[in-house]
Amino acid sequence: MSLFRILNLMILAAFAIDRALCIRFPDRIHKPDSDAPERLKTAVFALGSFWRSEAVFGCLPGVVRTTAGYAGGSKPNPEYRSLADHAESVQVEYDPRLIGFRELLDVFWSNHDPRQVYGQGPDVGNQYRSIVFCNGTEESRMAALSKEQEQTRSRSSIVTTQILQLGPFYPAEPEHQKFELKQNPFLLQLIGNLPQEELEKSTLATKLNGYVAELCPPDIQRHIDAKINDIIKKGWPILREL
Ligand SMILES: *[C@@H]1O[C@H](CO)[C@@H](O)[C@H](O)[C@H]1NC(C)=O
């Protein structure tokens, strides 16, 4: 038996003992931290009002966090009342092992009308234009292809969506974050009336923000319904996870 093989066996034995005795070895391989920031990716989309946009992406499996903000313009530090040439946008932080840019694109196309010029429904103006922001050539390629497919579906109407390289994203003011959820004091209370800063970062709040707007995929919408009903039945504990 080679020395290498013996060493290997010893390491295996050490692991077995570790398991048996529940000794905590530092083992990075066995316990990937699913929320480790380095595993997350970020995408930015503009598809009309950012209140709604946050809710559109919030409860997709793999989406960890959404932030409403401004992107696509040249003015530094835009604000809601003076956003100049920026578009209302949503920044989506996601785990690429659970959802991909391509699936986010599908959600983007199916949740607004990219053929509308100068706005979405009652929201009129340049700030509501449709944009896919891309980080690098691979995302640009996917975005261009999906736009072509959308154009084919739209027949003679022109798809107005811009495809831009991702530039600075400016988070919007606190009152615009998780806007849909904030319309529901009961749910805010159910998750423990988080301070604003925590609310903005909370994955749970991100999901409930989509739920309140009834923009979750139907199975997830039902799952959250059931969970909340269960809590109400049991009394008045706090909702910690979904
Ligand atoms: C763009 O992608 C690169 C490589 O994946 C990443 O390091 C970088 O943080 C991304 N930029 C933004 C703004 O997300």
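Start by colouring the strands: six of them make an open sheet in the order β7-β6-β1-β3-β2-β8, with mixed pairing. Strands here are DSSP runs of E with at least two residues, helices are runs of H or I with at least four, and both are numbered from the N terminus. Two strands pair if DSSP finds at least two bridges between them. Now look at the two ends of the sheet: β7 (162-165) and β8 (170-171) each have a single partner strand, so one side of each has no neighbour in the sheet.

Before going on, a word about what you have open. It is a predicted model, in which local features need pLDDT of at least 70 and side-chain atom pairs count only at pLDDT 80 or more, while totals for chains, interfaces and linings use all residues. Numbering runs from 1 along each chain as its sequence is written.

**Zoom out for a moment**

Show the whole chain, and you have nine helices and eight strands. Of its 242 residues, 32% count as buried. Buried means that 20 or more other C-beta atoms lie within 10 Å of the residue's own; 12 or fewer makes it exposed, anything in between partly exposed, and the C-beta atoms are placed from the backbone.

**Select β3**

How many of the residues of β3 are buried? Eight of the eight are, so this strand is largely enclosed by the rest of the structure. Colour A87, S89, Q91 and E93 on one side, then E88, V90, V92 and Y94 on the other, and you'll see that both faces are covered. As a rule, side chains in a regular strand alternate between the two faces of the sheet.

β2 runs antiparallel to it, joined by eight bridges; look for R65 opposite E93 and Y70 opposite E88. β1 pairs with β3 too, also in the antiparallel sense, over five bridges, and there K41 stands opposite Y94.

**Stop at E88**

Click on E88 in β3. Why does E88 count as buried? Because it has 27 C-beta neighbours inside 10 Å. Leaving aside neighbours within four places in sequence, E88 is in contact with A46, S49, F50, Y70, Q127 and Y128, where contact means C-beta atoms, placed from the backbone, within 7 Å. Try the distance tool on E88 and S53: they are 35 residues apart in sequence, yet 8.8 Å apart from C-alpha to C-alpha.

F133 sits in strand β6, and with 24 C-beta neighbours inside 10 Å it counts as buried. Not counting residues up to four places away in sequence, F133 touches V44, F45, A71, L164 and L166.

Now pick F45 and V132, which have the most contacts inside the largest nonpolar core, a set of 45 residues. Such a core is made of buried Ala, Val, Leu, Ile, Met, Phe, Trp, Tyr and Cys residues joined through C-beta atoms within 7 Å. Elements giving two or more residues to this core include β1 (41-47), α2 (50-58) and α8 (203-212). Among the contacts of V132, beyond four places in sequence, are F45, L105 and I163.

**Last stop: the ligand**

Which residues are around the ligand? Select T42, N135, G136 and L166, each with its C-beta atom, placed from the backbone, within 6 Å of the ligand.

Conventions. Contact = placed C-beta atoms within 7 Å.
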